Amino acid sequence: MAGAPLKLEFHAATGELWDDADRGGTLPRARWGEILRGLKKLCAAAGVTWRVVAGKITDQGGHQGGGDWLVLCTVTAGYHDIFDNWLHYYRKLKLDHDLHIIAEDALSYAKYSKLVPEYFRGSGGGGGGGGGTVTVVKGVFSAAGLRAAQFKSRSFKQLMSRRPAYVLSALVDEGRNVFYTDSDTVWLADPVPFCGLTGKYDIRAPLERPVHAAERLNAGTVCFKNTNATVRVVRAWRAELERKPGLNQPALNRVLRRYPQTRIEALPRDAFPTGDRYFLKGQRDGAVLVHANWVFTTAQKVALLKRAGLWAW
């Protein structure tokens, strides 16, 4: 089987079968058993791994996301100071969202699996203080995040390339709507209601600066509404970065251009200002989520947040 895929996923909710090169389609429901039995034998003979994903779907054919949003972020040892600042502001808001913190190395998991439950216990609820749950999840452990990686370095690209897999797991395996946030953000108010469950869209995100074709959406703050179109995009996003690790934002925008039917909406600029707009131009009225995304090193981000009075210590 020359050129055979290395992995296959069958999604029991939709009948979709996809490989790791983003090739696939929908199987006829009446023949699921027959086809899957045959695939099992072929995969065993060819050394191909595969799994069945038990997702849920709505009556309209979209994946069931419940009525709420799962907040998803990642943490690595090289960025603990940045993440601690994000966590401080998140906790202050006493939100009721479920929060998943993906620890991408053993040091981060050891620290936050112990610290986070105690940190939120005293805030009046299971999550941010309003009743949600906070879970520290093991990500893909590696040495890439043990030190703060230089922007566009090989280690940095490795970290960025894992983002789509985490989002896809939350969408498909857990059946959730996902609000993904980078840790170099500061939440001044709850940004999640800007996602909403109303409106005909699949993905909402802030527009990047400058707005150009290559990087239209900023991938550091994204509402992934749990629809078939969103899952298809995120699966293709994951496949592209698995084939060639790189920066997650350009890859997401490239994939979106391949799927023009995806319904995209921009989050409002006043509420989600770009870093230059907030820090450099001083356009701060109405800001809900601030992203330190126009400087690159950890030291620059910390200094920027401190000057703006957005550092917890």
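Start your tour by selecting Arg 269, which is partly exposed with a relative accessible area of 41%; partly exposed lies between buried (under 20% relative accessible area) and exposed (over 50%), using a 1.4 Å probe and protein chains only. This is a predicted model, where local features need pLDDT of at least 70 and side-chain atom pairs count only at pLDDT 80 or more, while totals for chains, interfaces and linings use all residues. Residues are numbered from 1 along each chain as its sequence is written, and side-chain values use heavy atoms, leaving out hydrogens and water.

Stay with Arg 269 a moment: it sits in the loop between β12 and α8 (275–280). Helices (H or I, at least four residues) and strands (E, at least two) are DSSP runs, numbered from the N terminus.

Next, zoom out to the whole protein chain, with its 9 helices and 13 strands. Of its 313 residues, 53% count as buried. The chain exposes about 14300 Å², with carbon and sulfur atoms supplying 54% of that area; the method is Shrake-Rupley with a 1.4 Å probe, and for residues only the protein chains shown count as cover.

Now color the open sheet of 7 strands, whose order is β7-β6-β5-β8-β11-β10-β12, with mixed pairing. Its edge strands are β7 (134–138) and β12 (264–266), each pairing on one side only. Two strands pair if DSSP finds at least two bridges between them.

Move to β6 (residues 98–103), which pairs with β7 in the parallel sense over 5 bridges. Pick His 100 and you will find Thr 135 of β7 opposite. Then show helix α3 (residues 106–121), which packs on the sheet and touches β5, β6 and β7, its direction making about 175 degrees with that of β7. Contact means heavy atoms within 4.5 Å, and angles run from 0 to 180 degrees between N-to-C directions of axes, which are lines fitted to C-alpha atoms, for helices over the stretch in contact.

For the last stop, is helix α5 (residues 163–173) largely enclosed or open? It is largely enclosed by the rest of the structure, because 8 of its 11 residues are buried. Among them are Tyr 166, Leu 168 and Val 172. Just after α5, select Gly 175, which takes a positive phi of about 65 degrees.
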